[in-house]
Amino acid sequence: MNSPAIAFRDAMQNTFGLLDWLPIADGSIHRFHVPGDKTGTRNGWYLLFADGIASGCYGSWKASTSHTWSSREPANTAEAEQVRQRVEQARRQRQAEQHQRQQSAAEYANRLWRDARRADPEHPYLTRKGLRTHGLRQRGDALLVPLSRDGVLVNLQRIYLDGSKRFLSGGMVKGCCSTLGAITAGQPLYICEGWATGASIHEETGAAVACAMNAGNLRPAALALREKHPHASIIIAGDDDRQTEGNPGRTAANAAAVAVGGLVVFPLWPQDAPADLTDFNDLANWRAAQ
């Protein structure tokens, strides 16, 4: 019969893939590298208890996942209560660890933002996207896009010369956004995915725009903005992922609009527009090239 540590690792490997180490059964939270994640990151977490019914929890901060495991079903109410208490302990430890990671990332974001220079208007990414800097800053070759929650800087998205993008490790993203323009009661507030899309909308309309940074954050960001700005006229400006199965951009935009009672708009593609265009920045650049 496998030891609890081996059985627990087997369960973890079903989720994450091959792990070449054994979990420590000390009831404390531990971090680990998730196979496939960026080298040097430790986005995985686990807790394992070996006494009584061997049980534990594990997941990924990056993927926002959580799983529970036990070596067998509880035989009575006392054992069931022990497992329940352990799951609750894991939840509290995980929340405390996540809060600490987010606080550290926010402090680092504020230091980077404070010490960074104004973005170069000729930065290759801005040039390719046909955009102004809109207050972005720059550290080395990387553009810094500020992410805020309730008006407080909590994270940065770094955009590199090749267009690749990275948030600060451990930083808050869910419910956060990067804004362009002033949000005013009764006036349109566009909420979109990426910063370049938001900058294009802002330059075209002059309206306030909040960039949620990805499709998965459209709904959380929209809900947070609706709570803070109850009288804003929210319009979700969705990506149209026409060539991706299920069209995740359109699906997420529609769901966000329903959640906040807002409107939703998508790019209107001319008949001769290439099929690989997906967002309002793509459309603006294609039109400018005609």
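Helices H4 and H7 are oblique to each other in this predicted model, where angles under 35 degrees count as roughly parallel, over 145 as roughly antiparallel, 65 to 115 as roughly perpendicular and the rest as oblique. Two packed helices are described by the angle between their axes and the distance between the axes. For H4 (residues 195-205) and H7 (residues 280-289) the angle is about 60 degrees and the axes lie 7 Å apart; the axes are lines fitted to C-alpha atoms, for helices over the stretch in contact, with angles running from 0 to 180 degrees between N-to-C directions. Helices (H or I, at least four residues) and strands (E, at least two) are DSSP runs, numbered from the N terminus.

On the H4 side, Ala-196, Thr-197, Ser-200 and Ile-201 meet Phe-280, Asn-281 and Ala-284 of H7, contact meaning heavy atoms within 4.5 Å. The residues of this contact divide into 4 nonpolar, 3 polar and no charged, with Ala, Val, Leu, Ile, Met, Phe, Trp, Tyr, Cys and Pro counted as nonpolar, Asp, Glu, Lys and Arg as charged, and the others, Gly among them, as polar.

Strand S8 (residues 152-159) is largely enclosed by the rest of the structure, because 7 of its 8 residues are buried (buried means under 20% relative accessible area, exposed over 50%, partly exposed in between, with a 1.4 Å probe and protein chains only). S8 pairs in the antiparallel sense with strand S7 (residues 142-149) over 7 bridges, two strands being paired if DSSP finds at least two bridges between them. Within that pairing, Ser-148 has Leu-153 of S8 as its bridge partner, and in the hairpin of S7 and S8, with 2 residues between the strands, Asp-150 takes a positive phi near 55 degrees. S8 also pairs in the antiparallel sense with strand S9 (residues 165-167), over 3 bridges, and here the bridge partner of Gln-157 is Phe-167 in S9. The hairpin of S8 and S9 has 5 residues between the strands, and in it Gly-163 takes a positive phi near 90 degrees.

Most residues other than glycine have a negative phi. His-134, however, has a positive phi near 50 degrees; it sits in the loop between helix H3 (124-129) and strand S6 (137-139) and is partly exposed, with a relative accessible area of 25%. Asn-247 has a positive phi of about 45 degrees and is found in the loop between strand S13 (233-237) and helix H6 (248-260), where, at 14% relative accessibility, Asn-247 counts as buried.

Residues are numbered from 1 along each chain as its sequence is written, and side-chain values use heavy atoms, with hydrogens and water left out. As the model is predicted, local features need pLDDT of at least 70 and side-chain atom pairs count only at pLDDT 80 or more, whereas totals for chains, interfaces and linings use all residues.
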